[in-house]
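Please consult the sequence and the coordinates alongside the text.

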Amino acid sequence: MIALASMSPTAGAADDTVKVGVLLELSGPFAAQAKQISNGVNAYIKAHGDHVAGKKIEVVFKDTTGPAPDLAKRLAQELVTRDKVSFLAGFVLTPNAMAVAPVATEAKVPTIIMNAATSAITTKSPYIARVSFTLPQVTAPIAEWAAKNQLKKVYTLVSDYGPGNDAEATFKKVFSEKGGQVVGSVKVPLKNPEFAPFIQRIKDAKPEAVFIFVPAGEASVGFMKAFAERGLAKAGIKLIGTGDLMDDDVLPAMGDASLDVITTHQYSAAHKSPENNAFKKAYADVAGPDKRPNFMAVGGWDGMQVIYEVVGKLHGKIDGDQAMQVIKGLVIKSPRGTISIDPATRDVVQDVYVRKVEKVGGQLFKGGCFCLPYQIDNVHELPTVEIKRSYQTISVGEFDTNKAKRELGFNPGPVEGALKRAVDWFRDNGYV
Ligand code: PHB
C-alpha cells in the first residue's frame, strides 16, 4: 500500500497540463450511472475546449467497479502520487467518496463530488466540495408536499446505507412535524435488492402512500417492476419519492407504471432554460442523439465547470488551499438553474423541484407540468423547508392553475410578489 505520508500535494503534473482524476463505478451494477457522469465531464470539455489559462486539462478516469471503498482509496492514492493530479472528482456512490476523504485531506487535493449524496460526506475533509445534492435537501420537500396534500399515513422504503438513512430520517422528521404519520419503515440491501416481499408487506399495511429512496438505475427499475406487479397503485397506494426513483435515464424504460408518480429533485431533462438546452445538445454530441442526460450527467458537467473556474481564477497554478477559497461561495449557471457552493459547508445550494411524471409528445418526462421550486439554504441540518418562490411551467397550451393547486399544493399569493419573482426567475435563467 502506498503510504499517505509519501504523497506530494498537487503541482506535480507536466507544467503545461492540469490533471483531473475522476473516480467512477465504470463497470458493475452502477456502470450506466457512471457513464452519465463521464459523458457529462466529456461533454463539458468538448463544448468549452480543453485549455484553460494556457493549460491543457487532462482527465484520467479510474474504475472503482461498484461499491468498493478500499479500491477507491487505493486508486485515489495512485492518482495523487503517480499521476500527480491537481483535482479528484467523480463518485456515484457514497462509500467510495467517504473512503477518498482522508486522501484528499492528506494530499490537500480539491475533491469535487459529482453525485454521492449522503449529507456527511463534505464534513469528512476540508478539501471536499459537492455540486450534486444531499438526501435531506431533496427529501424534505416531498415530506412537506405529502403532508400538505392530505396524505396522513405513509410507509417508507429506502436502501440500507448512508443516503437511505438520511432519506428515512428526514422524511420521518419533516412529515411528522407537519402532522403526518410514518406507519412503517423498511430498509433493503444496496446490492441485489429483492423488492417483492417488502412490497407485499407494504401492501398489507394499507398506507395511503409509500415514500421511496433507492439509488437511480437498476434498483429504481427493479422497484417499479415489483410495484406494478404487486398492484399497489390498483390498491390505491400512491408512490412518492426522491427523483432518484424517476431517473431521466431509465424513465422511458419504466413504462406507464411511472405515470403520476411525484418526486422531488434538482434536475429534470424537461427543465426549460438556455443552459439546459446547451447542455442537452453537448451531451447528445458525446453520448449519441437518442441519449437523455440525467442528474448525474449534470453533476459531471457542473463539476468540470467548477474545476475550469478554479483553473482560470488561479491562472493555471493550482494550490489546494487557494482552490478551496475559490470554490467557497462560487456561483455557477447549471443546466438545473443557478447554484452556489455554501462557503461554510462546501455543499451545494440550489432549488429543488416537485415533479409529476407525464407524457410529453408521447414520451415520459417528469416536469412536463408543474414545478414548485424550494430553496434549501442549509443542507446539513435536517432542514425546515419553506417555499420561497413558486411558479408554474406550462405544459403544451395549458394555462389553468387548478390542477397545480389540487395536486401540487400550488398556492398563489399577491400579484406584486409573483411578478417580482417571475422577473427574477427570467433573469436568473438567462431569458432577459
Ligand atoms: C449515493 O451512493 O450517495 C447515491 C447513489 C445513487 C443515487 C443517490 C445517491 O441516486
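The model is predicted. The protein chain holds 13 helices and 16 strands, and buried residues account for 51% of its 432 residues.

**Overall fold**
- Of the contacts in the protein chain with a separation of 6 or more, 71% join residues 24 or more positions apart.

**Ligand surroundings**
- The residues surrounding the ligand include V92, L93 and T94, together with N115, A116, A117 and T118.
- P163, P215, A216 and D244 are also among the residues around the ligand.
- Classified by residue type, this shell consists of 7 nonpolar, 3 polar and 1 charged residues.
- Both domain 1 (4-133 + 273-335) and domain 2 (136-265 + 351-428) supply at least three residues to the shell around the ligand.

**Residue F171**
- F171 belongs to helix α5, which spans residues 162-177.
- Is F171 buried or exposed? F171 counts as buried because it has 30 C-beta neighbours inside 10 Å, and the threshold for burial is 20 or more.
- Leaving aside residues up to four places away in sequence, F171 touches T139, A143, T156 and F211.
- The C-alpha atoms of F171 and E144 are 8.6 Å apart, with the two residues separated by 27 residues along the chain.

Terms used. Residues are numbered from 1 along each chain as its sequence is written. This is a predicted model: local features need pLDDT of at least 70, side-chain atom pairs count only at pLDDT 80 or more; totals for chains, interfaces and linings use all residues. A residue is near a molecule or strand if its C-beta atom, placed from the backbone, lies within 6 Å of it. Ala, Val, Leu, Ile, Met, Phe, Trp, Tyr, Cys and Pro count as nonpolar, Asp, Glu, Lys and Arg as charged, and the others, Gly among them, as polar. Domain bounds come from an automatic or database domain assignment. Helices (H or I, at least four residues) and strands (E, at least two) are DSSP runs, numbered from the N terminus. A residue is buried if 20 or more other C-beta atoms lie within 10 Å of its own, exposed if 12 or fewer, and partly exposed in between; C-beta atoms are placed from the backbone. Two residues are in contact if their C-beta atoms, placed from the backbone, lie within 7 Å.
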